Amino acid sequence: MSIISWIILGLLAGAIAKLLLPGRDPGGIIGTTLIGIVGAFLGGWLSSRFLDRPISTDFYDTATWVAAIAGSLVLLIAYRLLFGNSRERR
């Protein structure tokens with residue numbers, strides 16, 4: 001896949017991760033989008049590195065999507081744990 005495909009995959013994975021983990025995020029929609037893109041790259045890298053799963057060149061590979069969504073979920077949870085209280089209501 002090209003870099004543009006990974007960015008699109010990350011955008012969609014971030015949206016799916018947000019649907020699976022609703023709530024208020026410290027970074028808003030832009031932060032969630034960036035987390036999705038980074039999560040897609042991280043999930044793909046971890047999948048190829050530790051699970052011995054080569055990165056597919058097919059955009060519609062189920063394992064690639066699962067890895068991207070899982071990476072986005074992990075980053076979204078970590079982001080909420082680290083920065084969740086920084087935007088308190090007043």
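Predicted model: local features only at pLDDT ≥ 70, side-chain atom pairs only at ≥ 80, totals over all residues.
The chain has three helices and zero strands, and its pattern along the sequence reads α-α-α.

- Is Ile-29 buried or exposed? Ile-29 counts as exposed because its relative accessibility is 67%, and the cut-off for exposed is over 50%.
- Ile-29 can also be placed relative to Gly-14: the two are 15 residues apart in sequence, and their C-alpha atoms are 9.7 Å apart in space.

**Where H1 meets H2**

- Helix H1 covers residues 3-20 and helix H2 covers residues 28-50; their axes come within 7 Å and cross at roughly 115°.
- That angle makes H1 roughly perpendicular to H2, because angles of 65 to 115 degrees fall in that class.
- The crossing in which H1 passes H2 is right-handed.
- On the H1 side, the contact is made by Ile-3, Trp-6, Ile-7, Leu-9, Gly-10, Leu-11, Gly-14 and Lys-18.
- On the H2 side, the residues making the contact are Thr-32, Thr-33, Gly-36, Ile-37, Ala-40, Phe-41 and Gly-44.
- Sorted by class, this contact of H1 with H2 has eight nonpolar, six polar and one charged residues.

**Ser-72, a residue of H3**

- Ser-72 sits in helix H3, which spans residues 62-83.
- Ser-72 is buried because its relative accessible area is 1%, and buried means under 20%.
- Which residues does Ser-72 touch, leaving aside those up to four places away in sequence? They are Ala-13, Gly-14, Ala-17, Ile-35, Gly-36, Gly-39 and Ala-40.

**The chain as a whole**

- The chain has 90 residues, and 33% of them are buried; Ser-72 is one of the buried residues.
- Take the contacts between residues at least 6 apart in sequence: 81% of them join residues at least 24 apart.
- The accessible surface of the chain comes to about 5,900 Å², and carbon and sulfur atoms account for 68% of that surface.

Definitions and conventions: Residues numbered from 1 in each chain as written. Heavy atoms only, no water. Axes fitted to C-alpha atoms, helices over the stretch in contact; angles between N-to-C directions. Helix = DSSP H or I, 4+ residues; strand = E, 2+ residues; numbered from the N terminus. Parallel < 35°, antiparallel > 145°, perpendicular 65-115°, else oblique. Left-handed = near helix turned anticlockwise from the far one by under 90°. Contact = heavy atoms within 4.5 Å. Nonpolar A, V, L, I, M, F, W, Y, C, P; charged D, E, K, R; others polar. Buried < 20%, exposed > 50% of the residue type's maximum accessible area, 1.4 Å probe, protein only. Areas by Shrake-Rupley, 256 points an atom, 1.4 Å probe, with all protein chains shown as cover.
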